[in-house]
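This report goes through selected packing and pairing features of one protein model. The structure is shown first.

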Amino acid sequence: MDKYDVAVIGAGVTGCAVAMYLCRSEVSVIVLEKEEDVCSGTSKANSGIVHAGYDARPGTLKARMNVRGSKLIEELSETLDFPYRNNGSLVLCFDEAGMPRLKELYDRGIKNGVDGIEILTGEQVRQKESAVSDEVIAALWAPTAGIVCPFGMTAAFAENAAANGAQFRFLEEVTGIVRDGEGGFVIRTDRGEFFARNVVNAAGVYADRFHNMMRSQKISITPRRGEYVLLDKQAGDLVSSTVFQLPGPYGKGVLVTPTVHGNLLVGPNAEDIEDKEDTTTTSEGMEDIKTKALRSVPGIPYNLTITSFAGLRAHGQDYDFILGEAEENPGFFEAAAISSPGLSSAPAIGEYIAGLVVSRNGYKPKTDYIGTRKGFTDVSRLSAEERSRLIREHPEYGRIVCRCENVTEGQILEAIRRTPGARSLDGIKRRVRQGMGRCQSGFCTPAAMKILSDELGIPMEKITKNRPGSELLRGDTDGVS
Amino acid sequence: MEYRDVVIIGGGPAGLAAALSARRNGVEDILIIERDERLGGILNQCIHNGFGLHTFKEELTGPEYAGRYINMAEAEGIPYKLNTMVTSVTPGREVTYINPSEGEVTVKAGAVILAMGCRERPRGALNVPGSRPAGIYTAGTAQRLINIEGLSVGRKVVILGSGDIGLIMARRLTWEGAEVKVVAELMPYSGGLKRNIVQCLDDFGIPLKLSHTVVRIHGKERVTGVTIAQVDAGRKPVPGTEEYYECDTLLLSCGLLPENELTSSAGIGINRVTGGAFVNDRLETSAEGIFACGNVLHVHDLVDYVSEEAELAGLSAAEFVKRGKEACAEHGEALCLKAGEGIRYTIPNTVDPVNMADKVTVRFRVSDVYRDKQLVILYGGKEHRRIKKRIMSPGEMEQVTIGKDTIPEGISDITIRVED
């Protein structure tokens with residue numbers, strides 16, 4: 001049986017962050033993921049916001065991890081080369097009745113140690129963001145807030161972990177954890193068994209399953225669905241900062257934000273559901289967020305919508321994250337109930353949990369630790385000179401496959417050849433944005449399928465959109481295989 | 001910087017016809033830039049027949065029609081580049097492209113002809129709620145997978161939208177052994193040609209449900225079914241009319257969008273109705289010396305008209321290049337061509353009554369299905385001509401001809417409208 005120092009359950013942003021920080025020490029790490037790629041659950045579909053940290057209740061783990069996490073994300077975006085932009089955020093207040101609540105947020109921010117926050121008048125807000133509604137009378141401005149590509153960040157963490165020795169197993173679902181009688185654990189999966197000295201539960205909406213195997217106090221994680229509408233890049237500069245609404249009689253409100261890739265994102269609503277896989281969108285939900293967002297920014301051009309999607313937040317019964325080691329089962333660590341601000345907190349959670357594991361076991365720092373990683377090549381962002389040089393050396397970077405996002409064959413090959421690399425069309429799309437543009441992969445699907453088929457040496461019929469079962473082709477195929 | 005008299009962006013039917021026309025009108029130095037690995041554009045995947053009835057007086061398949069033009073271009077020795085993507089066009093006619101063998105190159109053009117064609121409206125723009133499984137294709141993507149790659153996309157199919165490619169694919173999939181359960185169309189009329197509804201749906205007993213749409217997509221990994229509902233006059237689903245269809249594939253054929261990102265980035269004015277550039281009677285855009293033709297200008301119903309329109313663009317570009325070397329011709333005061341009641345748009349948008357050709361073809365689409373109505377052409381508000389029409393529908397392009405000698409002096413606009 002394979003033996004590891006640490007098994008991490010879940011290759012979402014939290015699991016990958018834990019693995020990355022663990023690999024800064026002399027530790028053998030295996031990451032077990034039931035889907036075919038990293039970032040396939042909660043981490044994949046969310047607002048992509050790096051919250052400043054004024055929203056979390058003071059003194060909570062959420063507050064601490066958020067403030068630390070947002071600092072780490074900015075640093076890591078440099079060393080690990082993933083898309084991040086410090087664009088600041090506004091929380092809009094529409095009436096006098098909301099002012100005490102806005103002030104409360106401000107005070108919280110101060111208590112949580114958020115730098116630079118201030119309350120702006122309606123005029124100041126519109127000077128900053130001319131598209132914001134005339135109804136707005138004030139707003140909380142948080143200059144440290146940012147936006148990030150959730151997949152880009154997770155892939156960066158995963159690649160850095162892999163570069164420092166972490167093993168990733170995909171399409172391997174953990175079915176049971178038992179003590180091995182020697183202080184470690186036997187982890188059963190749908191494909192085999194592993195032995196691990198320590199286990200980290202970072203299973204997102206499924207974290208309750210593993211928690212309840214190992215802890216006396218049972219929990220349940222409720223998937224809380226949020227729907228989003230994504231607009232074309234033509235609408236991407238409507239606002240430059242992330243625009244929230246102050247929670248009020250209209251509900252929690254929705255946000256309007258640019259994405260790091262230059263699109264405009266509107267959403268989410270919040271609906272507790274039972275099915276932990278149900279990321280369907282509804283017409284009522286989309287109407288609801290679109291209407292609410294117009295209250296913040298009246299001129300949103302919804303005719304430029306390119307897609308809509310839904311994500312699931314891993315919502316625990318209690319307010320706070322569940323972080324730490326199980327007293328009743330030493331060696332079992334948890335990062336559970338990671339709802340908002342989970343993305344912003346991810347590296348801080350990774351650093352914290354890895355720190356606990358390392359100090360409990362006395363693992364030594366790795367001397368040859370690799371601290372940097374090169375991001376995915378974006379041919380369209382290179383200078384003309386750099387682009388020409390790259391194409392001379394590697395002609396595949398001169399063959400554009402995705403016309404909307406100008407993604408080249410070279411970039412697609414890169415997505416597949418990284419470790420861990422893309423194994424599905426979604427894996428390519430999330431890494432290098434092939435098919436993410438306005439035609440939503442109408443033109444480039446056949447080409448991307450062929451490249452994936454050639455690279456992985458599998459027939460076209462086996463190419464999937466994401467997990468097994470999502471094969472693109474169906475039925476008898478005559479002619480080319 | 002390299003110079004070319006005429007650079008044509010796109011090697012599909014529009015680009016090829018424009019290139020031939022430019023050559024036949026005396027331009028030696030021409031370059032066609034094509035992003036795909038072969039010339040011919042979307043025609044290559046349109047293996048059904050029905051092309052060329054006007055141009056060649058015979059019925060050809062798409063590849064045959066393209067082949068005729070490719071052969072003519074080869075015979076004329078017109079240079080072209082394949083696997084080459086234009087990444088920018090400036091108003092000063094500098095065209096930048098990239099390809100694997102040359103890297104990034106910028107060419108200065110005497111005249112540019114935009115012939116990039118169109119793309120399909122994707123699911124996202126339609127906002128169909130539900131899950132996002134595999135098995136949702138635009139009709140053209142499915143067409144490519146089946147006809148070019150020889151692959152099978154699905155066995156039980158529902159088609160949303162009755163555009164021509166969707167109709168053609170209903171027949172194609174049936175021939176391939178798939179079961180096409182229904183075609184749902186949001187509008188109370190089809191967006192496709194009448195002959196395609198007859199030959200591709202009626203002949204195979206495939207129901208066309210007008211004023212219906214997909215209200216939900218089911219299935220996690222792969223499509224397992226869709227729910228279709230009737231829509232009211234405001235195109236909102238009518239509760240209680242939902243019907244579930246089990247299927248593994250949903251094809252979308254919900255309209256084509258001219259691909260004008262390059263055009264916009266060159267600062268050229270775009271008509272919101274067509275999604276293409278505003279053009280004058282020489283098919284010149286708001287940028288001097290940059291012309292547009294084919295589906296990048298407005299979506300056509302028949303390729304024959306694309307070729308015809310592209311010939312004019314090629315001629316105009318040739319004249320522009322020749323004129324550029326002499327003195328610029330005097331521009332007359334342009335007349336506005338207005339889309340009146342019942343008309344969605346016209347191409348061209350303006351006519352120069354002094355320098356126009358003896359006859360100018362005006363192409364347009366109507367905004368609803370009209371039976372036994374008349375097309376009326378007004379010069380400066382005064383009726384000039386009235387044409388009886390038994391039937392007109394938004395799925396079919398209409399055209400009228402305007403003679404230079406019929407335009408009176410002193411008017412500022414020409415209007416076309418539908419009347420009883």
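## Nonpolar cores

The model is predicted. Its largest nonpolar core has 117 residues, and the members that touch the most others are Phe82(A), Phe157(A) and Phe168(A). Leaving aside residues up to four places away in sequence, Phe168(A) is in contact with Ala11(A), Cys16(A), Val31(A), Val38(A), Ala158(A), Ala161(A), Ala162(A) and Pro420(A).

In soluble globular proteins, nonpolar side chains tend to be buried together.

## Helix H10 of chain A

Helix H10(A) spans residues 409–417, and eight of its nine residues are buried, so the rest of the structure largely encloses this helix. The buried residues are Glu409(A), Gly410(A), Gln411(A), Ile412(A), Leu413(A), Glu414(A), Ala415(A) and Ile416(A).

Strand S15(A), residues 255–258, is covered on both faces. Leu255(A) and Thr257(A) are buried on one side, and Val256(A) and Pro258(A) are buried on the other.

S15(A) pairs with strand S16(A), residues 264–267, in the antiparallel sense over four bridges. One bridge links Thr257(A) to Leu265(A) in S16(A). The hairpin formed by S15(A) and S16(A) has five residues between the strands, and Gly262(A) takes a positive phi near 95° there.

## Parallel sheet of chain B

Five strands of chain B form an open sheet with parallel pairing, in the order S10-S17-S11-S12-S13. Strands S10(B) (136–138) and S13(B) (208–210) stand at the edges with a single partner strand each, so one side of each has no neighbour in the sheet. From one strand to the next, the twist averages 20°.

Strand S12(B), residues 179–185, runs parallel to S13(B) and is joined to that strand by three bridges. Val183(B) has Leu208(B) as its bridge partner in S13(B).

## Antiparallel sheet of chain B

A further open sheet of chain B has three strands, ordered S14-S15-S16, with antiparallel pairing. Its edge strands, S14(B) (212–218) and S16(B) (243–246), each pair on one side only. Here the twist averages 30° from one strand to the next.

Four bridges connect S15(B), residues 225–230, with S16(B) in the antiparallel sense. The bridge partner of Gly225(B) in S16(B) is Glu246(B).

Technical notes:
Residues numbered from 1 in each chain as written. Chains lettered and ligands numbered in written order. Predicted model: local features only at pLDDT ≥ 70, side-chain atom pairs only at ≥ 80, totals over all residues. Heavy atoms only, no water. Core = buried A, V, L, I, M, F, W, Y, C linked by side-chain atoms within 4.5 Å. Buried < 20%, exposed > 50% of the residue type's maximum accessible area, 1.4 Å probe, protein only. Contact = heavy atoms within 4.5 Å. Pairing = 2+ DSSP bridges. Helix = DSSP H or I, 4+ residues; strand = E, 2+ residues; numbered from the N terminus. Axes fitted to C-alpha atoms, helices over the stretch in contact; angles between N-to-C directions.
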